[in-house]
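Please open the model in your viewer and keep the selection tool at hand.

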Amino acid sequence: MEYKVEAHRIMSISLGKIYNSRVQRGGIKLHKNLLVSLVLRSARQVYLSDYYSGACLNAAQSEREGNEWDITDSEREKFPPSTTECDRIESSEEPQQNERPEKEREYRENDDEVKSDQADCTSTLQQEQKQNSSLDSVAKVSSETPPETIDEPKESPSVSTVAESDSSPEADGESHQPPKTHVCSNRKRSAEKTESGDLPQKRTKVASSNAKEDEEAEEMDTSNVSNLITIFGSSFSGLLSKDGAKPESEAEDSGQICCDQMLKNLNPWSTAIVAF
Amino acid sequence: MAGVGGGNDFQWCFSQVKGAIDEDVAEADIISTVEFNYSGELLATGDKGGRVVIFQREQESKNRPLSRGEYNVYSTFQSHEPEFDYLKSLEIEEKINKIRWLPQQNAAHFLLSANDKTIKLWKISERDKRAEGYNLKDEDGRLRDQFRITTLRVPVLMPMDLMVEASPRRIFANAHTYHINSISVNSDYETYLSADDLRINLWHLEITDRSFNIVDIKPANMEELTEVITAAECHPHQCNVFVYSSSKGTIRLCDMRSAALCDRHSKFFEEPEDPSSRSFFSEIISSISDVKFSHSGRYMMTRDYLSVKVWDLNMENRPVETYQVHEYLRSKLCSLYENDCIFDKFECCWSGSDSAIMTGSYNNFFRMFDRNTRRDITLEASRENSKPRAMLKPRKVCTGGKRKKDEISVDSLDFNKKILHTAWHPKENVIAVAATNNLYIFQDKIN
């Protein structure tokens, strides 16, 4: 689950950067904001696609974060050979091996055909199941044209929130195999990462506290679109209040401010660009 | 790269350092561009405070053999001031983004300096004589009483202390909606191009009230924006050819003879991405921060976040040479994204003979690559190595495992000390390296 937390963190940092760029001297820098929005979009897609917990995603994810996580050769062997296909833009008819988190329309295709990992991540499993069931409806919303990138981050925590409110019958409808060791490898990698320096240590600390906060945020009940905004706001404030160490407080503060900004302005990035 | 004889081995020695020693760096003093003129006699720097400082090389004389052509301040002037765009409620920074010299055609020197929105043509001229003996006014300029003028005299030119004056001769304004990132003087010495994030304009040096738009990549709907222009340069010999690089890691070569609007490229240079190295930040690190033609005009060099690539203009599908600048940073991209270092725009430059290339890195390190021997060296610009003519010791970054003596580990690198701007003398092995607010000049011992 660390990659989801990582993606969430990167998203909040990116939003903070976009917000701060508006008050920077010299005006908004188009190039930097474009790059930040690309990172934001990638992180969002990873965040939303967490039910791709099958081998393909982990492989794709590990390749994407490969150098961040110091994959050893033995771990790499566990990944299916079709990992390189995962990163290609084209979506595939084959759901299990070739799911590509980058394309939103795949959310619709791959609902029922997800492999999840070993049962020692039961909470993960439950979250994924619930997210699967609701992802279809959200995917329709989120699979609108890419430009609406700002709308989508709002929906990402809401996905999990809406998911939580769905009852288990939908989850039962899913077929999930026992998770493989991939998630465990994720955890192994995160442990390795802690040893390798201060910043990675910080990251893991945040990851563990954020994971708790994610779950707590997801417990909140929502049922309509107007509450999505509130949920997004509270999930950020959840990060601020519950994270004792506050290693990322600056990013989160700006995330909070940015989130408020977004509440007022549904499409700040587009507005910022169009303002040119 | 130490060695005797044998073509391209350099032994770089400290020559000079300019700038304040103070640890507290004023933002306005941060150097934002460095450029030698065509002869190498003059070296110009621009800073974030909008000032231009020009250094001139001392003539080597037998009287002072040890000075070996040192650069001393020749002229300092305020090129750009902060402005305010009232329509958009935006402040326009006075930071000098680029300086480009014009070739010298008479006693005066001309250069173009650009901030985010405006380009100015400056004339730098020397005055060492003064006219004395005017009829109508005194020596201090006051008008003489008319009834005191009884004779007519011819003013005489008298020598005076050398004064270097800089005066703005042309101001090219209001042509860029976005931030100017490049200017480049054409080989016809009559025109130049200026590039911002989405457009490239062609100017005539004599005409300030209009310019031709030659590239426009702004989409009809800004929400569909996927890439921006990051750098542009005119070909050194063919006045109809120019290139521009993009944030997607591609370079387009355009021929101005083919169409008035060069939206369709003549050549498209792109290296296929290695899918195994994809990460959240792949797009950022593939963005090209600088593009430079070789002096020969046969090659061009591009700098992205982690590497420098040399392209043969005749081959579009991949570069002919790739040099890793600081590959050890690939595993740190997330941290570098957080502290904004991943957005740093490093420049690169060719040696006069095109045999070597140079670019900057962090911790005040800069890297040099010899294209013939394929050897590379890492050097540091620091006050500690600043004894006159002291030879620079190669530095090494330890990427893992046991750190040897004299090596520095990746985690100890100071990411606030970045070398973004470097310049190489067009004819000799003299280099200028800008380290925040200090300018270092190094010379090759053999030179």
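A residue is called buried if its relative accessible area is under 20%, exposed if over 50%, and partly exposed in between, using a 1.4 Å probe and protein chains only. The model is predicted, so local features need pLDDT of at least 70 and side-chain atom pairs count only at pLDDT 80 or more, while totals for chains, interfaces and linings use all residues. Residues are numbered from 1 along each chain as its sequence is written, chains are lettered from A and ligands numbered from 1 in the order in which they are written, and side-chain values use heavy atoms, with hydrogens and water left out.

Select W203(B), which is buried at a relative accessible area of 2%, and then F172(B), which is buried at 1%.

Rings of Phe, Tyr and Trp (its six-membered ring) pair if their centres lie within 6.5 Å, and planes under 30 degrees apart count as stacked, over 60 as edge-to-face and the rest as tilted. Over all chains, this rule gives 22 aromatic pairs. F172(B) and W203(B) form an edge-to-face pair, because their ring centres are 5.1 Å apart and their planes stand at 70°.

Next, select Y337(B), buried at 0% relative accessibility, together with F343(B), buried at 13%. How are the rings of Y337(B) and F343(B) arranged? Their centres are 5.8 Å apart and their planes at 50°, so the pair is tilted.

Finally, select F14(B), F366(B), Y440(B) and F442(B), which ring pairs link into a cluster.
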